[in-house]
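Reader: Could you walk me through how to read a fold from its coordinates? I would like the general idea each time, and then the case at hand.

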Amino acid sequence: MGWLRDPADHFAPQADPVEEVGVCVKQIQEKAGVSQSTASQFMSVLQRAGLVESTRIGQWTYYRRNRERIAALPELLSASL
């Protein structure tokens, strides 16, 4: 999640702008040093939790932080704990 806060600082440039579509799962996988299926599964969990949003372009999935959901986390946590 930290890498996705400032993706231009943590990932190589890509064909589609990270500000608009997010970071390609392939780049996340390479940076994390895990298999693509592991990276995809992890990002899918974050997406189901509402912490990231995805965009599909061709065969690739791009992820970006869901800033609204992340900003609401402290309130959600305090209400449920």
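Reader: What percentage of the 81 residues in the protein is buried?

Author: Buried means under 20% relative accessible area, exposed means over 50%, and partly exposed lies in between, with a 1.4 Å probe and protein chains only. Here buried residues make up 30% of the 81 residues. This is a predicted model, in which local features need pLDDT of at least 70 and side-chain atom pairs count only at pLDDT 80 or more, while totals for chains, interfaces and linings use all residues. Residues are numbered from 1 along each chain as its sequence is written, and side-chain values use heavy atoms, leaving out hydrogens and water.

Reader: Thanks! Which secondary structure elements does the protein have?

Author: Helices (H or I, at least four residues) and strands (E, at least two) are DSSP runs, numbered from the N terminus. The protein has six helices and three strands, and from the N terminus the order reads α-α-α-β-α-α-β-β-α.

Reader: How do I read the sheet, and what is its strand order?

Author: Two strands pair if DSSP finds at least two bridges between them. In this model three strands form an open sheet in the order β1-β3-β2, with antiparallel pairing. At the edges are β1 (23-24) and β2 (52-57), each of which pairs on one side only. Six bridges join β2 to β3 (residues 60-65) in the antiparallel sense. Among the facing residues, S54 stands opposite Y63, and T55 has Y62 as its bridge partner. The hairpin of β2 and β3 has two residues between the strands, and G58 in this hairpin takes a positive phi near 60 degrees.

Reader: Which helix packs on that sheet?

Author: Contact means heavy atoms within 4.5 Å. Axes are lines fitted to C-alpha atoms, for helices over the stretch in contact, and angles run from 0 to 180 degrees between N-to-C directions. Helix α5 (residues 36-48) packs on the sheet and touches β2 and β3, its direction making about 45 degrees with that of β3.

Reader: And how should I describe two packed helices, say α4 and α5?

Author: Two packed helices are described by the angle between their axes and the distance between the axes. For α4 and α5 the angle is about 110 degrees and the axes are 9 Å apart. That makes α4 roughly perpendicular to α5, a label that covers 65 to 115 degrees; angles under 35 count as roughly parallel, over 145 as roughly antiparallel, and the rest as oblique. V25, K26, I28 and Q29 in α4 meet Q36, A39, S40 and M43 in α5.

Reader: Which residues of α4 are buried?

Author: They are V25, Q27, I28 and Q29, and the buried residues of α4 pack against α1 (2-5), β1, α5 and β3. After α4 comes G33, with a positive phi near 70 degrees.
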